[in-house]
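Here is a short briefing to read alongside the model. Have the 3D view open and follow the points topic by topic.

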Amino acid sequence: MLFDWGDTLFHAPHAPAVIVAAARARGVTVSDDDARRMWDELWDAGKTPEELAKGRDLSPQAHRDVWTALFARADRVAPGVSHALYERVMDPASWVPFADTRPTLEALRRRGVKMGVVSNVPRDLRPVFALHGMADLVDAFTHSFEVGAEKPDPAIFRAACRALGVAPAETLMVGDHPEADGGAAKAGLRVYILPAEMDGDVRGLGRVVELVEGSL
Ligand SMILES: [Mg+2]
């Protein structure tokens, strides 16, 4: 089984708070609700095909350039918010697992499922999993910046299957983005896209265990 990382296993927990604090530091008051709306707009914009096509996850520099340009929209509210967002929200080390991430990976591990992470990301995610004591739950990491290809390019899914030692036809890709993660289908994998709706901090990953058990 392959998992996407961002918004599938981990999430950025504090982006609206970063906006509020960065604006306040420049004498601008932003309400929590407005900050949440701003962040949701920026994050949704970051998932459009146009943004995905900019190669932002092929190198750390590209990542900084593309995301900072997008976040600059927030500088209309208070100059400097874009910088704060990039430095404090886009660092993978600041992301945290969903409440059901560890229980799901542990349940799959008990069932003997090989698990890999395949991510459009400019940095190694192993230390991030280690930070949360979950490095042992992932058998292989496949990062776009190392492969030289980004999702939805089938090449990165093929590389992830090779790293895991499992044939694409026997691999399920689990992600949150219909286009990016859905690209796995072109590489011959099956795909499960998580619903956008969430129950608080619970991502809904338990469905994947049900799929493995054949009870869904
Ligand atoms: Mg994602």
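The buried residues of helix 1 are covered by elements that include helix 2 (32-45) and helix 5 (81-89). Helix 1 spans residues 15-24, and seven of its ten residues are buried, so the rest of the structure largely encloses this helix. Please keep in mind that this is a predicted model.

- The buried residues of helix 1 are A15, P16, V18, I19, V20, A22 and A23.

**Overall build**
- In secondary structure, the protein comes to ten helices and seven strands.
- Its radius of gyration is 18 Å, close to the 17 Å that the globule rule gives for 216 residues, so the protein is as compact as a globular protein of that length.
- Taken along the principal axes, the C-alpha atoms fill a box of roughly 55 × 35 × 25 Å.
- Of the 216 residues, 40% count as buried.
- If you look at contacts between residues at least 6 apart in sequence, 62% of them join residues at least 24 apart.

- Domain 1 is made of 2-8 + 95-213, while domain 2 covers 12-94.
- The centres of the two domains, taken over C-alpha atoms, are separated by 24 Å.
- Where they meet, 16 residues of domain 1 are in contact with 14 residues of domain 2.
- On the domain 1 side, helix 7 (126-131) and helix 8 (144-147) are the elements that give two or more residues to the contact with domain 2.
- By class, that side of domain 1 has nine nonpolar, four polar and three charged residues.

- Five strands form an open sheet in the order 5-4-1-6-7, with parallel pairing.
- Strand 5 (140-143) and strand 7 stand at the edges with a single partner strand each, so one side of each has no neighbour in the sheet.
- Strand 1 (residues 2-3) is joined to strand 4 (residues 116-119) by two bridges, and the two run parallel. Within this pair, F3 has V117 of strand 4 as its bridge partner.
- Strand 1 also pairs with strand 6 in the parallel sense, over two bridges. Here L2 stands opposite M173 of strand 6.
- Strand 6 and strand 7 run parallel and are joined by four bridges. In this pairing, L172 stands opposite R190 of strand 7.

- In soluble globular proteins, nonpolar side chains tend to be buried together.
- Leaving aside residues up to four places away in sequence, A160 touches L2, G116, V118 and T142.

**A closer look at D181**
- Is D181 buried or exposed? With 27 C-beta neighbours inside 10 Å, D181 counts as buried.
- You will find D181 in the loop between strand 6 (172-175) and strand 7 (190-193).
- Not counting residues up to four places away in sequence, D181 touches D4, K151, M173, G175, D176, V191 and I193. One of these, M173, stands opposite L2 in the pairing of strands described above.
- From C-alpha to C-alpha, D181 and A160 are 12 Å apart in space, and they are 21 residues apart in sequence.

**A closer look at A155**
- A155 has its place in helix 9 (residues 154-164).
- With 16 C-beta neighbours inside 10 Å, A155 counts as partly exposed.
- Which residues does A155 touch, not counting those up to four places away in sequence? They are V147 and A149.
- A155 and V212 are 57 residues apart along the chain, and their C-alpha atoms are separated by 25 Å.

Note on methods. Residues numbered from 1 in each chain as written. Predicted model: local features only at pLDDT ≥ 70, side-chain atom pairs only at ≥ 80, totals over all residues. Domains from an automatic or database assignment. Contact = placed C-beta atoms within 7 Å. Nonpolar A, V, L, I, M, F, W, Y, C, P; charged D, E, K, R; others polar. Buried ≥ 20, exposed ≤ 12 C-beta atoms within 10 Å, placed from the backbone. Pairing = 2+ DSSP bridges. Rg over C-alpha atoms; globule rule 2.2 N^0.38 Å.
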